[in-house]
Amino acid sequence: MKRSPMARLWPNATALVLFVVFTFPVYWMFATSLKPTGDIIADTPVFVPTDITFDHFRKALDADHFWTLVGNSLTVTVLAVVFSLVIGLLASFALARMRFRGRRGFLLTFMIAQMAPWEVMVIAIYMIVRDADLLNSLVPLTAFYMIMVLPFTILTLRGYVAAVPKELEESAMVDGCTRRQAFVKVIFPLLAPGLMATSLFGFITAWNEFPLVLILNKDAEKQTLPLWLSSFETTFGDDWGATMAAASLFAIPILVLFVYLQRKAVSGLTSGAVKG
C-alpha cells in the first residue's frame, strides 16, 4: 500500500528539522573558527564566513603543550580501547557460548556497572592513585578509561557473538580445528561490525573524558586535550575565534572516525542490542 505524499512529508520534515538542530552547533563552531575577529564580535551574526582566516588555528596550534597533549590523549584513548576490546571479546565469547554457575549474576553486574555513574567513586579513585604514587601519570587514566568502557563492550559483543550460528564453530571443530582455532578463523572475522561499534563508543568516551584527568593530573604536560580546551579562555582571554579553533581541532578526530566507521558501527550496535 503506497503512502500519500503528505504522509511522507511530515517524517521527512521532522528529520530535516532535527538534522538542522543537531548539526548547527557543530557548523557554528567551525564557521566561527574561520571568521575574522571583527565578524565574530559583530552585532549582526555572520552565518556564512566570507573573509576566511586561519589565524585562529595557528594560535591554537602554537599553544603551550598542544602537541604533547595530543600525544597523551591518543595514547590513553587508543590503549584503553585496545585493552577493553581484548578483554571484552574474550569475556563476551564465554558469556555467549558457555553455561556456568553465576552467569546471570555476572551479566547483571555488568549492566549495573554500565548504568551507575562512576563519578560517585572519584574520591576513592583519587585515594587509590595517590597511595600508589601514580598521580600525574597516564597509567591510571588508561586503566580507568578501560574500566569505564568495558561493561558496554562486553554486553554489546556478547550479543554479536550470540548472533553467529554455533553450527559454524562446530563445523570447524569437526574439520579438525580446536576451539581456539575455530574462534580465530571463523568467529572473529564475523565480529567486525560489533568491534567497530564498541571501539567507536570507547574512543568517544575516553577522548571526551574530563573530570578524572582534572583530579588526577595537575602537571600540565601529563594532561589531555579536554582539560587543555577548558583553559583556553584563560590563555587567550576573550579570543573566541581561537577557542572555537581549538574546539574544532579537538572534534576532528571524532568526526573522522565516526564518518569512517558509521555504517559498521550502526550494524554492530543493532545486532548487539537484539541478538542473544
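Visitor: What share of the 276 residues of the chain counts as buried?
Guide: Welcome! This is a predicted model, where local features need pLDDT of at least 70 and side-chain atom pairs count only at pLDDT 80 or more, while totals for chains, interfaces and linings use all residues. Residues are numbered from 1 along each chain as its sequence is written, and side-chain values use heavy atoms, without hydrogens and water. Taking buried as under 20% relative accessible area (1.4 Å probe, protein chains only), the share of the chain's 276 residues is 38%.

Visitor: How many helices are in the chain?
Guide: Helices here are DSSP runs of H or I with at least four residues, and strands are runs of E with at least two. The chain has zero strands, and its helices number 14.

Visitor: Among contacts between residues at least 6 apart in sequence, what percentage joins residues at least 24 apart?
Guide: A contact needs heavy atoms within 4.5 Å. Starting from pairs at least 6 apart in the chain, the part that joins residues at least 24 apart is 73%.

Visitor: Which element gives the most residues to the lining of the largest pocket?
Guide: Among the 18 lining residues, Ala113, Trp118, Met121, Ile147 and Met148 are the closest to the pocket's centre. The elements that give two or more residues to this lining are α5 (103-115), α6 (122-131), α7 (138-163) and α10 (192-208). With five residues, the one that gives the most is α7.

How values were computed. 1 Å grid on protein atoms, 1.4 Å probe; cavity = no way out; pocket = protein on both sides within 12 Å on 5 of 7 lines; lining within 4 Å. Buried < 20%, exposed > 50% of the residue type's maximum accessible area, 1.4 Å probe, protein only.
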